[in-house]
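Here is a short report on one protein model. Keep the structure in view as you read.

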Amino acid sequence: MNAPSVSVVLPARNAEATLSAAVATLRNQDLEDFEIVLVDHGSTDGTNALMTTMARRDDRILVLRCEGPFVEAANLAWQAASGRLIARMDADDLAAPSRLRIQRDLLITHPELAGCGSRVRILKRVESGALVPPDDGYRRYETWINGVISPEAIRSERFIDSPLPNPTMMVRREILETSGGYVDPEWAEDYDLWLRLLESGHRFGKAPEILLDWL
């Protein structure tokens, strides 16, 4: 069997309440050529059983388990993946149906990019389970991060905050291999990775569409 063009990697811990909805948005992508790598990061709820059930029902899903630090789970996910493009996802986020296709096509047409993200819609989950818009602080952050699109803007504004929302990212596998992937900086491991790659001269872009509901 040929390797898929895209592997979605999703490490999760105690995500029983939200994982089904997140994975459903991946299974409903309009791109067929992809796999999903789920890593249970030492969950104590029903996350592992839920992942196993999902894998039995969909042969595109691979389930792994990691008891070590989170960076080990994050690296295990992409190292076990088969695709040349590695897409990140979190267990409480929701992907647009065209997310994988749009980002894959962006990287195909722009071979100079090491990876790409997308614009996001920031939401919060209230006690009832409903999803509602964020408060003014996150609204301002959403406006800023959705305005940082071009490789030049991403590079110039990288020290304001991370200009690349981690669960939107799709990166070429060889970039992760040569960089060593995530390390444990005792702060945000994703932001650290993007800063290291930007400092080494890699360029990143961002799809202009909103392709993720970020919770």
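## A helix across the sheet

Helix H1 (residues 19-27) lies across strands S1 (6-12), S2, S3 and S5. H1 runs at about 165° to S2. Contact means heavy atoms within 4.5 Å. Axes are lines fitted to C-alpha atoms, for helices over the stretch in contact, and angles run from 0 to 180 degrees between N-to-C directions. Helices (H or I, at least four residues) and strands (E, at least two) are DSSP runs, numbered from the N terminus.

This is a predicted model, where local features need pLDDT of at least 70, side-chain atom pairs count only at pLDDT 80 or more, and totals for chains, interfaces and linings use all residues. Residues are numbered from 1 along each chain as its sequence is written, and side-chain values use heavy atoms, with hydrogens and water left out.

## The sheet

The open sheet has 8 strands in the order S3-S2-S1-S4-S9-S6-S10-S5, with mixed pairing. Strands S3 (61-65) and S5 (94-95) stand at the edges with a single partner strand each, so one side of each has no neighbour in the sheet. Two strands pair if DSSP finds at least two bridges between them.

S5 and S10 pair in the antiparallel sense over 2 bridges.

## Strand S10

S10 (residues 204-214) is mostly covered, with 8 of its 11 residues buried. Buried means under 20% relative accessible area, with a 1.4 Å probe and protein chains only. S10 also pairs with S6 (residues 115-122), in the parallel sense over 8 bridges. Ile 122 stands opposite Trp 214 in S10.

## Thr 168

Thr 168 sits in the loop between helix H6 (151-156) and strand S9 (170-172). Is Thr 168 buried or exposed? Thr 168 is buried, with a relative accessible area of 0%. Beyond its neighbours within four places in sequence, its contacts include Arg 88, Cys 116 and Leu 212. The C-alpha atoms of Thr 168 and Asp 90 are separated by 9.0 Å, although the two residues are 78 residues apart along the chain.

## Residues of the cavity lining

The lining of the largest cavity includes Val 9, Trp 78, Arg 88 and Met 169. A cavity is a set of points, on a 1 Å grid over the protein atoms alone, where a 1.4 Å probe fits but cannot get out; lining residues have an atom within 4 Å of a point. Helix H3 (70-80), strand S4 (85-88) and helix H8 (189-199) each supply at least two lining residues.

Conventions: Buried means under 20% relative accessible area, exposed over 50%, partly exposed in between (1.4 Å probe, protein chains only). On a 1 Å grid over the protein atoms alone, a cavity is a set of points where a 1.4 Å probe fits but cannot get out, and a pocket is an open set with protein on both sides within 12 Å along at least five of seven lines; lining residues have an atom within 4 Å of a point.
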